[in-house]
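Hi there,

Here is the structure I promised to pass on to you.

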Amino acid sequence: MLIHGLTSSTEEVWEIAGFLSKKNFTVIAPLLKGHNTSIPELNNTNWHDWFNSILGSYNKIKDSKKIFVIGVSIGATLALHLAKEKRVSALAPVPPGVRR
């Protein structure tokens with residue numbers, strides 16, 4: 001599972017999704033509620049809504065032998081919460097970029 005960052009969309013993780021798919025991984029990348037819409041629509045959501053977006057996708061793959069989760073920025077925080085609540089085989093939280 002690939003989880004994009006705040007104000008982003010699944011396009012943020014397309015490159016890694018393509019790479020993993022070529023390696024025969026099943027890839028799912030939920031669009032967080034309110035994202036890829038408008039600022040007012042995004043402002044009407046919160047982390048609970050975003051987490052529910054992830055749970056919907058998780059439930060589609062929950063019977064998989066192994067579940068790997070990569071989250072970018074706020075997606076990393078949501079991935080950590082998912083790993084706390086559900087069975088996750090491996091987790092790769094990717095922090096937002098930092099410029100010096």
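**What I found**

Ser53 counts as buried, at 18% relative accessibility. By buried I mean under 20% relative accessible area, with exposed being over 50% and partly exposed in between (1.4 Å probe, protein chains only). Before going further, please note that this is a predicted model, in which local features need pLDDT of at least 70 and side-chain atom pairs count only at pLDDT 80 or more, while totals for chains, interfaces and linings use all residues. Residues are numbered from 1 along each chain as its sequence is written, and side-chain values use heavy atoms, with hydrogens and water left out.

Back to Ser53, which lies in helix H3. Helices (H or I, at least four residues) and strands (E, at least two) are DSSP runs numbered from the N terminus. The Ser53 side chain reaches the backbone nitrogen of Lys33 at 3.0 Å. That is a polar contact, meaning a pair of N or O atoms within 3.5 Å; within protein, one must be able to donate a hydrogen and the other to accept it, and residues adjacent in sequence count only if both atoms are side-chain atoms. Leaving aside neighbours within four places in sequence, Ser53 is in contact (heavy atoms within 4.5 Å) with Pro30, Leu31, Leu32 and Lys33.

**His4 and Ile3**

Leu32 turns up again with His4: the backbone nitrogen of Leu32 lies 3.1 Å from a polar atom of the His4 side chain. His4 is found in the loop between strand E1 (2-3) and helix H1 (14-22), and it is buried, with a relative accessible area of 0%. Beyond its neighbours within four places in sequence, His4 has contacts that include Ser9, Glu12, Pro30, Leu31, His35 and Ile74.

Ile3 lies in strand E1 and is also buried, at 0% relative accessibility. Ile3 and Val13 are ten residues apart in sequence, and their C-alpha atoms are 7.5 Å apart in space. Leaving aside neighbours within four places in sequence, the residues in contact with Ile3 include Val13, Leu32, Ile54, Val69 and Leu78.

**The nonpolar cores**

A nonpolar core here is a set of buried Ala, Val, Leu, Ile, Met, Phe, Trp, Tyr and Cys residues joined through side-chain atoms within 4.5 Å. The largest one has 16 residues, and those that touch the most other members are Met1, Ile3, Leu32, Ile54, Val69, Leu78 and Leu82. Helix H3 (47-61) and helix H4 (74-85) each supply at least two residues of this core, and the largest share, six residues, comes from H3. Not counting residues up to four places away in sequence, Leu78 touches Ile3, Leu32, Trp47, Trp50, Phe51 and Ile54. There is also a second, separate core of five residues, with Leu2, Val13, Ala17 and Val72 among them.

**The largest pocket**

About 290 Å³ of space lies in the largest pocket. On a 1 Å grid over the protein atoms alone, a pocket is an open set of points where a 1.4 Å probe fits, with protein on both sides within 12 Å along at least five of seven lines, and lining residues have an atom within 4 Å of a point. Grid points are joined across faces, edges and corners, and the volume is the space filled by probe spheres set on the points.

Of the 15 lining residues, Met1, Phe25, Thr26, Lys66 and Phe68 lie nearest the centre of the pocket. Strand E2 (residues 68-72) gives the largest share of the lining, three residues. The lining divides into eleven nonpolar, three polar and one charged, where Ala, Val, Leu, Ile, Met, Phe, Trp, Tyr, Cys and Pro count as nonpolar, Asp, Glu, Lys and Arg as charged, and the others, Gly among them, as polar.

**Backbone and loops**

Thr7 has a positive phi of about 65 degrees although it is not a glycine. Thr7 is found in the loop between E1 and H1 and counts as exposed, at 59% relative accessibility. Asn24 likewise has a positive phi, near 70 degrees, in a residue other than glycine. Asn24 is found in the loop between H1 and helix H2 (39-43), and it is exposed, with a relative accessible area of 73%.

Finally, Ser64 has its place in the loop between H3 and E2 and is partly exposed, at 31%. The side chain of Ser64 reaches the backbone oxygen of Ile61 at 2.8 Å.

Best wishes
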